[in-house]
Amino acid sequence: SRFLRSRQMSGTMLKGRGLTFLGFLDVPLGYVWAEPIKVEKKDPTTNREYVEEVFNQVEASLKDIFDRYKGRFGYDEKETLSMITVEDAQAAAGHHKKKKNK
């Protein structure tokens, strides 16, 4: 909506337990926000380096949030956060790209 866009806010509608889509669970829920990552509008097909730069900022921010708040959400202080690519996840799950036969 215009109201949310003017304040640069997400328009996600939340419904469920509290203000979430989740049903009622025996697990307490919590939310954490980080600083926004400023991006420029560019064509991702021609600016691969810029996409990688933004991705690296997102990854660093996620790791920072996890490290700062993990104890608050029941994770051990020794717990770490790992990032993997879609291809790595698919390979680990046994999904392989089929090669086209010529």
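Biologist: What pattern does the chain follow, read along the sequence?
Modeller: In this predicted model, the chain reads α-α-α along its sequence, and the count behind that pattern is three helices and zero strands.

Biologist: And how confident is the predictor, on average?
Modeller: The average pLDDT over the chain is 78, with 70% of the residues scoring at least 70.

Biologist: Which elements have the lowest and the highest mean pLDDT?
Modeller: Among the elements of the chain, helix H1, which covers residues 2–6, has the lowest mean pLDDT at 74, whereas H2 has the highest at 91.

Biologist: Changing topic, what share of the residues is buried?
Modeller: Of the 102 residues in the chain, 10% are buried. As for the accessible surface, the chain comes to about 9,900 Å², and carbon and sulfur atoms account for 55% of that area.

Biologist: OK, now Lys70: where does it lie?
Modeller: Lys70 lies in the loop that runs between helix H2, residues 48–69, and helix H3, residues 86–92.

Biologist: Is Lys70 buried or exposed, and why?
Modeller: Lys70 counts as buried because its relative accessible area is 7%, and the cut-off for buried is under 20%.

Biologist: Which residues does Lys70 touch?
Modeller: Leaving aside residues up to four places away in sequence, Lys70 touches Tyr75, Asp76, Glu77 and Glu79.

Biologist: And Tyr69, where is that one found?
Modeller: Tyr69 is found in helix H2, and it is classed as partly exposed because its relative accessible area is 23%, which falls between the cut-offs of 20% and 50%.

Biologist: How far apart are the C-alpha atoms of Tyr69 and Tyr31?
Modeller: Those two C-alpha atoms, of Tyr69 and Tyr31, are separated by 10.0 Å, although the residues are 38 apart along the chain.

Biologist: One more topic: which residues make the nonpolar surface patch?
Modeller: The patch is made by Val58, Leu62, Leu81 and Met83, and its area is about 280 Å².

Biologist: Where is Leu81 found, then?
Modeller: Leu81 is found in the loop between H2 and H3, which is also where Lys70 lies.

Biologist: Why is Leu81 called partly exposed?
Modeller: Leu81 is called partly exposed because its relative accessible area is 32%, and a residue needs over 50% to count as exposed and under 20% to count as buried.

Note on methods. Residues numbered from 1 in each chain as written. Predicted model: local features only at pLDDT ≥ 70, side-chain atom pairs only at ≥ 80, totals over all residues. Heavy atoms only, no water. Helix = DSSP H or I, 4+ residues; strand = E, 2+ residues; numbered from the N terminus. Buried < 20%, exposed > 50% of the residue type's maximum accessible area, 1.4 Å probe, protein only. Contact = heavy atoms within 4.5 Å. Patch = residues over 30% accessible without salt bridge, like charges linked within 9 Å, V, L, I, M, F, W, Y side chains within 5 Å. Areas by Shrake-Rupley, 256 points an atom, 1.4 Å probe, with all protein chains shown as cover. Salt bridge = Lys/Arg side-chain N within 4 Å of Asp/Glu carboxyl O. pLDDT = per-residue confidence, 0-100.
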